[in-house]
Structure formats: C-alpha cells, structure tokens
Amino acid sequence: MDRDFIINNLAVGVYTNTDKYMSRFIKNWNKYYANVPLIYSVKDQKINENMESLRKEFIETGKRYWLFLDHDILFFENDIIETSLKYMIEKDCQLISCYETHDINIAKKNLIHNLKFSYLTWIKGYFMMVDSEKCLLTPFDLNIPTTSGNLADLTYCMDNIVQNNVLIGIAPVMIYHEKDGYSQLPKKFVINNENSEIVNKNVNEYLHNLDPKYYYGNRNIEIVFFGDGSIDHNETIGHQYLKYKHPEIHNKVYVRPHYDSDHIKDEFNTKLV
C-alpha cells in the first residue's frame, strides 16, 4: 500500500469541539502525513454531530475510503494508515481501527510487537476507517441521548451491522491516545455487603429522578457504575437507548462481564463468518 494510493483514495478528517490538542495533532500529522490532505471539523457540537458533519464532507470528496480521527491521538510511525487500509481490503472489512495505548513511551518506542489482526464487533472513534461503498448511506445517529453525543462510534457500528451486514476489524498497528476523553477508562465496581445499602439508596434515588423517556418503554434498565460506585448516567441511558434501537444485537456487540460472553462470542463470530 503506497502513499499515492492513500492520497487518491482516502479522505481523512479530524473532528473535535475543542482545540485543546489540535496544534499538537497538526504538528504530528505534518511529520508523518504532510502530503495527505486533511479535513478539519472543529465545531462547537456534540461528538455525533461533529462526526456526521465530517461524514458529509467525506461524501463530497468522492473518495471511497474515509478515516475519522480524534484530535487527541499521535502517530509515531509513517505506515499506520497504509497498514490499516491494507488489512481493511485484504480482510474484506468495511470498518477498521488500530490499537491504542495511553502510555506515550510505549507508542514512541514501539515496545509492543505481537499485535495481530482480529475481527471485532465494534471499534472506537479515535481512529475509524470506513469503506463507503457499503456504509455510504448510513449516517451517525443524532438522537443518541448522551450529554456529549458519546457512544456515537458504537451506535454507528451497530447501525452498519444491521443495515449493511459489515465486517469490522482491528489492524496490527498502534497509535497513542490521550486517556482524558468523554468516556472514563473501565474500572470494575463490586457491590458487596459493606456498600450494598448505599448503592441501593443511590440507585433508587437515581431511578426516581430519571426522566421516564430514558426507559424507552422498558422498565428493566441496567445501571452502569463508575469505579468509585457513582452512577454513570450517560452509559446507563445510552445503552438503554441502544437496547431499544438494536435489541437483537446489543448484548452481542457490547459484551459486559456479566453477559454470557462465551456464548455471545461464538454465536456472533459464527454469524460474521
């Protein structure tokens, strides 16, 4: 996969509603991909709205392949994009990403050498490559109820699985990604005898104050906790919405530890193959 193919066939854009890391991103981009045109989508909008704005700009380029980039990432090799597109084509994926690390020394020194391509059920929006030949008509969902439009990437993957029967993968290359985004890093919270009383109290208060529209017609709602035991409102209502929108695949695409993960993995992978 040479650079000319990237230039002629791939539309690349960076989206953000803040310029916090933009100058750093541009400097890094110019070091590794200076000759690749870059679309800037810096707008005071939610994540899903920014990604949808960028999708429309990609359509105008007429290029088949698209790459959505968050502005808080860094490249430390000059073949990340080429390798990802190569695997997308070879593995017949319509959506593909790459690995991320929050340790900048690992990224700088390329300390991990055993990365492998794998098929996934969804990918994150920090590096999301799309084959528009199948995904062209699928927009980003502007009805996601989360405060900042987060879960846009997960929703987009689910929508494309249902509408376009896409394959999703991850290429064996890595970028650096800041860890202070909208979604906290996963940290398990365990309910036990010592905290169960306060947890039940907090849950009851939360449900009492929750706008009924966020139940989406289903009173069986799954409460998502942060690592400190507080309730993650966005994850809670966001996934309730996704279970309403895609009830047949939600628990297969987004697997939590208490789901029947072995059964789900086998069933979903069999369906994909």
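Helices and strands are taken here as DSSP runs, of at least four and at least two residues respectively, numbered from the N terminus. On this basis, the protein chain of the predicted model comprises 11 helices and 8 strands. The radius of gyration is 19 Å, close to the 19 Å that the globule rule gives for 273 residues, so the chain is as compact as a globular protein of that length. Along the principal axes, the C-alpha atoms fill a box of roughly 60 × 40 × 35 Å.

Of the 273 residues, 50% count as buried. Among contacts with a separation of 6 or more, 77% are between residues 24 or more positions apart. The accessible surface of the chain is about 14300 Å², and carbon and sulfur atoms contribute 48% of it. Charged side chains number 30 positive and 37 negative, with the centres of the two sets 2 Å apart.

The mean pLDDT of the chain is 90, and 91% of the residues score at least 70. Residues 261–273 have a pLDDT below 50; in the model this stretch makes 14 contacts beyond near neighbours in sequence.

The relative accessible area of Asp-92 is 49%, and the residue is partly exposed. Asn-165 is exposed, at a relative accessible area of 52%.

Technical notes. Residues numbered from 1 in each chain as written. Predicted model: local features only at pLDDT ≥ 70, side-chain atom pairs only at ≥ 80, totals over all residues. Heavy atoms only, no water. Rg over C-alpha atoms; globule rule 2.2 N^0.38 Å. Buried < 20%, exposed > 50% of the residue type's maximum accessible area, 1.4 Å probe, protein only. Contact = heavy atoms within 4.5 Å. Areas by Shrake-Rupley, 256 points an atom, 1.4 Å probe, with all protein chains shown as cover. Lys, Arg positive; Asp, Glu negative; His and termini not counted. Charge placed at Lys NZ, Arg CZ, Asp CG, Glu CD. pLDDT = per-residue confidence, 0-100.
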